[in-house]
Amino acid sequence: MYVAIYILIVSLVIFTSYRMPSIVFGFMLCTFSLEQWLQSKDVFFLIHGSLINVSSGVLVLIGLIFYQINRNGEVKFYPPMARLVIALYVYASVSVLWSPVTDISVSNLQHYMPYIFLYVLLAPLLINNEEDAYEAFKFLIIFGGILALLLLLFTEWGYRRIVMAAEMVDLRANPLAIADMAGYVLFASILLNFKKEYKFWRFLKWLIVIICLGVAVKTGSRGQFILMILLSIFFLPISRPINHIKRLVPLVFAGIVIAGGSYWAMKEYTSDYTAKEGARWEVDRMGDDLSGRFDAAINLISEWYSSPSHLLFGLGSSESYDESIAGFY
């Protein structure tokens, strides 16, 4: 059944992307969450773990082909900012040569290279103007909102992870990927200015915002949850300039929804994390974990500052995995 659902989803994306190739970009931002949801429902997706990633890559290629067809073969070049991002990724890749943890660095590079190629080099080519971005984020809100609802209310959860359809020794669920998607959907919902023909979504989006806040708390992703709130408060006034008293009302309403949704999410889902399992949402525990992150960051910066060669060339990829610095990402 779920194989058929996935085939239907992919078919709909292909069909819709013929006229609006940029929607594939929105779909890409949901890939990892969709993968975990399907793996919680059907063993087929556990056995064929790379299927969804590969098919998402194929969808990007199809979207680019459709873009060329619709634009009569027009070739898009990377803008200066994109070229700078690509240059940084190239430099980070080269830096494995002087990383003190070469084995870990090379392993990480090999693992993430297909994703870097797809997300950094190919997928951004689908967004060429404001209209492309609008269609991509509109699709992200609709599809991502539905997926977030399914993950929150119609999926079995364990401690910080979805319960898979079967236990697989070499498979690890990634709650951060789900929280990331919830953040993408939340920001798109709050900041996107819907056109007049989509007035209905201007109201429905606030329900999606609340659902996304619930998903972030459900995953136990404290950093994502806090940043979802802070960045929304920071960017919302920028996206809706207050040049008239009437514009203040929507901002106040948005603030009430975000605050109320956050309170509901905390009250509803933090109880899933008992003291036995770590009490992730207790203030003392969050303070201790934050302090540990700061200590690791200070160690990393101190190591960088300790040598002229480090200052000039950087520490090297995955340096933080060195046990003498942090031992983790």
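Aromatic pairs, then. The count in this predicted model comes to 15 aromatic pairs.

Take Phe-32 and Tyr-119. Their ring centres sit 6.0 Å apart, with the planes at 25°. Planes under 30 degrees apart count as stacked, so this pair is stacked.

Where are these two residues? Phe-32 is in helix α3, and Tyr-119 is in helix α7, residues 102-122. The pair therefore ties together parts that lie 87 residues apart in sequence. Phe-32 is partly exposed, at a relative accessible area of 29%. Tyr-119 is partly exposed too: its value is 24%.

Now Phe-44 and Phe-45. Here the ring centres are 5.3 Å apart and the planes stand at 90°, so the pair is edge-to-face. Which of them is buried? Phe-45 is buried, with a relative accessible area of 2%. Phe-44 is partly exposed, at 30%.

Back to Phe-32. Ring pairs join Phe-32 with Tyr-112, Tyr-115 and Tyr-119 in a cluster.

Phe-32 also takes us to a helix contact. On the α3 side, Thr-31, Phe-32, Glu-35 and Leu-38 take part. On the α5 side, they meet Ile-52, Asn-53 and Ser-56. By class, that contact has 3 nonpolar, 3 polar and 1 charged residues.

How do the two helices cross? Helix α3 covers residues 31-39, and helix α5 covers residues 51-70. Their axes come within 10 Å and cross at roughly 145°. The crossing of α3 past α5 is right-handed.

To recap Phe-32: it stacks with Tyr-119, belongs to the ring cluster, and is part of the contact between α3 and α5.

Conventions:
Residues numbered from 1 in each chain as written. Predicted model: local features only at pLDDT ≥ 70, side-chain atom pairs only at ≥ 80, totals over all residues. Heavy atoms only, no water. Axes fitted to C-alpha atoms, helices over the stretch in contact; angles between N-to-C directions. Helix = DSSP H or I, 4+ residues; strand = E, 2+ residues; numbered from the N terminus. Left-handed = near helix turned anticlockwise from the far one by under 90°. Contact = heavy atoms within 4.5 Å. Nonpolar A, V, L, I, M, F, W, Y, C, P; charged D, E, K, R; others polar. Phe/Tyr/Trp six-rings, centres within 6.5 Å; stacked < 30°, edge-to-face > 60°. Buried < 20%, exposed > 50% of the residue type's maximum accessible area, 1.4 Å probe, protein only.
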